[in-house]
Amino acid sequence: MTSASFILFLLFTIFTVTNGAGIIGVNYGRVANNLPSPTEVVKLLKSQGIDRVKLYDTNSDVLTALGNSDVSVVVAMPNEQLSSAAADQSFTDTWVQSSISKYYPATKIEAIAVGNEVFVDPANTTTFLVPAMKNVYNSLVKYNLDKSIKVSSPLALSALQNSYPPSAGSFKSDLIEPVIKPMLDFLRNSDSYLMVNAYPFFAYEANSDVISLDYALFKENSGVVDSGNGLKYSNLLDAQMDAVFAAMSALQYNDVKMEVTETGWPSNGDQNEIGASEDNAASYNGNLIKRVLTGNGTPLRPNETLSVYLFALFNENQKSGPTSERNYGLFYPNQQKVYDVPFTLQDLATGGQATPTGGSKVQVPVGAPTASQQQGQTWCVANGKANETKLQEALDYACGEGGADCRPIQDGATCYDPNTLEAHASYAFNSYYQMNSRGAGTCDFGGAAYVVTQSPRYGSCNFPTGY
């Protein structure tokens, strides 16, 4: 064995045997009209070594594609179905038969998320949550699936009344008796775990004057000492998790485990979304993966195995809200990485680094501006998966009624080459998008376009960022 091979072997061995090595998964959201087919997505997951995904429904095409893939799956019952699930056991019986039994065990369904962040649901579905969870579980028992499939529900950190210092973590008083205690009782009795969605980005964005960016991004920093118990924290996510553990302990539920079912960092945002950038997203997710795969538990629960699901697999162009909501993806819809992160122990052992990358469909030349230089800038490009008719119709609209500046793509002009429909459409779509101040919905064209955060280039053509 060569010395280089021995060092690689040694690194891999160290990473593999690290006590408490955790589990990484990815959320596969589909609020978009330009994503690859489920079959293509499964191939992407396998190629990246991602063997766990969390869904937001029980879509038949997705569950079928995941069949026999050896990818473990968390499925979801949407909030809209909670009232029916709570009121009628026959509803959950039918739901389990059609949404779970039909696909299991070929599709490795390991848990069901009943609702999502129910306590902040505008439809006020909180009262239905625990009864719905119990009925789903009883249906699993009926079909002999309860030993293999867990039932839980993701909470937002806003369910906490106090989160700092972590040792003082507590749940909101108006939630404790009606829903928190009954839910934790259910989780304990069914040998399940609490699902929590935790985003250090939101805490940093709102408190960037007092929270260190390095602390939020798992970078080297002086740390924060909990004044209540003296424990030292090197990153914000650990502190958030321990605040939840402390809140459970205050109610005497020390034995209930927890998984982080959503966490992530946006690669782009509006001007007022402090910290949203490709550099920071690459650092957060890359350092988080390393933390989970090679570290132990949290300071308060050092022996607990960490299980974390990154948000999200793709940038989703139809999500509402600020720009950041459409830029949490690890991949663009064309399956190119938004930035490079190591997903596996082997990636880490072979020196995988979290770095920004020209992940848009078109090429970013050497010497292009870095993400930090172009923070807040976005461009609009053609979706290469759209059919030619749709692209041509959208191009005609942009250059005609839409008022885009299409002079540079005319024969002999600076952006005529490469003379392809996709290149010309990209230029026209971006012109329209920039002229309309990059407003929501101005880079869609019926699914023929999407937003990227790296400056696109076709040939020697420069894409403008403003008019």
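This is a predicted model: local features need pLDDT of at least 70, side-chain atom pairs count only at pLDDT 80 or more; totals for chains, interfaces and linings use all residues.
Residues are numbered from 1 along each chain as its sequence is written, and side-chain values use heavy atoms, with hydrogens and water left out.

Nine strands form an open, parallel sheet in the order β5-β4-β3-β2-β1-β13-β12-β9-β6. Strands (E, at least two residues) and helices (H or I, at least four) are DSSP runs numbered from the N terminus, and two strands pair if DSSP finds at least two bridges between them. Because β5 (150-152) and β6 (154-156) each have a single partner strand, one side of each lacks a neighbour in the sheet. The twist averages 25° from one strand to the next; axes are lines fitted to C-alpha atoms, for helices over the stretch in contact, and angles run from 0 to 180 degrees between N-to-C directions.

Strands β1 (residues 23-27) and β13 (residues 307-310) are joined in the parallel sense by four bridges, and Gly25 has Tyr309 in β13 as its bridge partner. Across β1, β12 (257-263) and β13 lies helix α11 (residues 278-294), at about 160° to β13; contact means heavy atoms within 4.5 Å.

The second largest cavity holds about 40 Å³ of space, the volume being that filled by probe spheres set on grid points joined across faces, edges and corners. A cavity is a set of points on a 1 Å grid over the protein atoms alone where a 1.4 Å probe fits but cannot get out, and lining residues have an atom within 4 Å of a point. Its lining includes Leu155, Phe171 and Val244, and β6 and β9 (193-197) each give two or more residues to it.

Key
On a 1 Å grid over the protein atoms alone, a cavity is a set of points where a 1.4 Å probe fits but cannot get out, and a pocket is an open set with protein on both sides within 12 Å along at least five of seven lines; lining residues have an atom within 4 Å of a point.
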